Amino acid sequence: KSGEQRRSKEPSSLQCMHLAVVACGDRLEETLIMLKSAVLFSNRRLCFHIFAEDSLKPEFEKKLKEWPSSYTKKFEYHIYPITFSVGNAQEWKKLFKPCAAQRLFLPVILKDVDSLLYVDTDVLFLRPIDDIWHILKEFNSTQLAAMAPEHEIPKIGWYSRFARHPYYGTTGVNSGVMLMNLTRIRNTQFKNSMIPSGLTWEEMLYPLYQKYKNYITWGDQDLLNIIFYFNPECLYVFPCQWNYRPDHCMYGSNCKGAEEEGVSILHGNRGVYHDDKQPTFKALYEVIRDFPFEDNLFQSLYYPLQSKFLDTVHTLCGRIPQVFLKQIEKTMKKVYENRVIVYLGANHRY
């Protein structure tokens, strides 16, 4: 912790980008592949905050130590036990998926961290984290978190059709990728449906859960939707390519940002990396999983991906391979160019 406190006093350009994830049950491999995708493409140093069940801690440490030093020097990591600071821990644990509610407590637990990107375990970065980290600078004076819409089209969105509680905007927001200014969250009094005056984040969580627990389906995501329904000025909404899910292509393409720019962050929710319902998502997961760290990115990642995508053209998501490939190709070109420049520069000195 003293290290983190020291870092917080450094100029922002020297600070690392903080990435948090919560892993329970059988999510070890998925989490490691997510972290791998982050390390492969990021430019600035990363600080991983891994919240995990006690049984997973030695596994994480063992696997991360096996990564080559050229990559391990790009990040540091901290592993934390699952803890809930208010209310009944067992109730929180059972809310939606095991331990998912832990993300609600990040502002309370990580007191020395100013800003943070939280992602679900089933997320893959297809471009540098640096690019989403820059969005923090786009927050206005009241915004303290950023999420993408749950859906682009209200008539096929879940919240607009089924929700029995307040939710943000016309389609709700998805919490699988959430950028947070934790300092602002800790210092804000939030409007709420329980008392006329504001409540701090920590004061609000458990009463909010108690009030709505019989009406929420998606657990902590629903609670976040309720919070930002009452405090819409606090939320920055980023476009769908930063949280691209099967819903964006399985009913036909409905994420304009991804069509134009390509997918920036892939979110394989509903277990699609592990079954055959969305082979495009599974192909991306398997190629990043199987990529040998020190190999050439084009030969061992991009070309295998292209050939795997040929087998998915019969699916709705597979019909638009360029959406999945555009950002990752651009990112790999940059990584390759940077390595060549560094290599040439090193040779030039002698």
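Analyst: Two strands count as paired when DSSP finds at least two bridges between them. With that in hand, let's look at this predicted model. An open sheet of seven strands runs in the order E3-E2-E1-E4-E7-E6-E8, and its pairing is mixed.

User: What makes E3 and E8 the edge strands?

Analyst: Each of them, strand E3 (75-80) and E8, pairs on one side only. From one strand to the next, the twist of the sheet averages 25°.

User: How do you know that strand E4 and strand E7 pair?

Analyst: Pairing needs at least two bridges, and five bridges join E4 (residues 115-119) to E7 (residues 173-181), so the two strands are paired. They run antiparallel. One of the residues involved is Tyr118, whose bridge partner in E7 is Met178.

User: Which strands does helix H11 lie across?

Analyst: Helix H11 (residues 220-230) lies across strand E6 (145-149), E7 and E8, and runs at about 65° to E7.

User: Why is Cys240 called buried?

Analyst: The cut-off for buried is under 20% relative accessible area. Cys240 has 4% relative accessibility, so it counts as buried. Cys240 sits in the loop between strand E8 (235-237) and helix H12 (256-261).

User: What is Cys240 in contact with, apart from its neighbours within four places in sequence?

Analyst: Its contacts are Glu152, His248, Cys255, Lys256 and Gly257. As for Met332, Cys240 is 92 residues from it in sequence and 22 Å from it in space, C-alpha to C-alpha.

User: How do you know that domain 1 and domain 2 are in contact?

Analyst: Contact calls for heavy atoms within 4.5 Å, and 34 residues of domain 1 are in contact with 36 residues of domain 2. Domain 1 covers 17-238 and domain 2 covers 241-347, and their centres, taken over C-alpha atoms, are 23 Å apart. About 3,200 Å² is buried between domain 1 and domain 2, with 63% of it on carbon and sulfur atoms. On the domain 1 side, Leu124, Leu126 and Arg127 lose the most area to domain 2, together 24% of what that side buries.

User: Why is the meeting of Glu150 and Arg245 called a salt bridge?

Analyst: The rule asks for a side-chain nitrogen of Lys or Arg within 4 Å of a carboxyl oxygen of Asp or Glu. The N to O distance for Glu150 and Arg245 is 3.8 Å, so the pair qualifies.

User: And how many salt bridges does the rule find across the interface of domain 1 and domain 2?

Analyst: Across that interface of domain 1 and domain 2, the rule finds two.

Technical notes. Residues are numbered from 1 along each chain as its sequence is written. This is a predicted model: local features need pLDDT of at least 70, side-chain atom pairs count only at pLDDT 80 or more; totals for chains, interfaces and linings use all residues. Side-chain values use heavy atoms; hydrogens and water are left out. Helices (H or I, at least four residues) and strands (E, at least two) are DSSP runs, numbered from the N terminus. Buried means under 20% relative accessible area, exposed over 50%, partly exposed in between (1.4 Å probe, protein chains only). Axes are lines fitted to C-alpha atoms, for helices over the stretch in contact, and angles run from 0 to 180 degrees between N-to-C directions. Domain bounds come from an automatic or database domain assignment. Buried area is the accessible area (1.4 Å probe) that two parts lose on being put together, summed over both.
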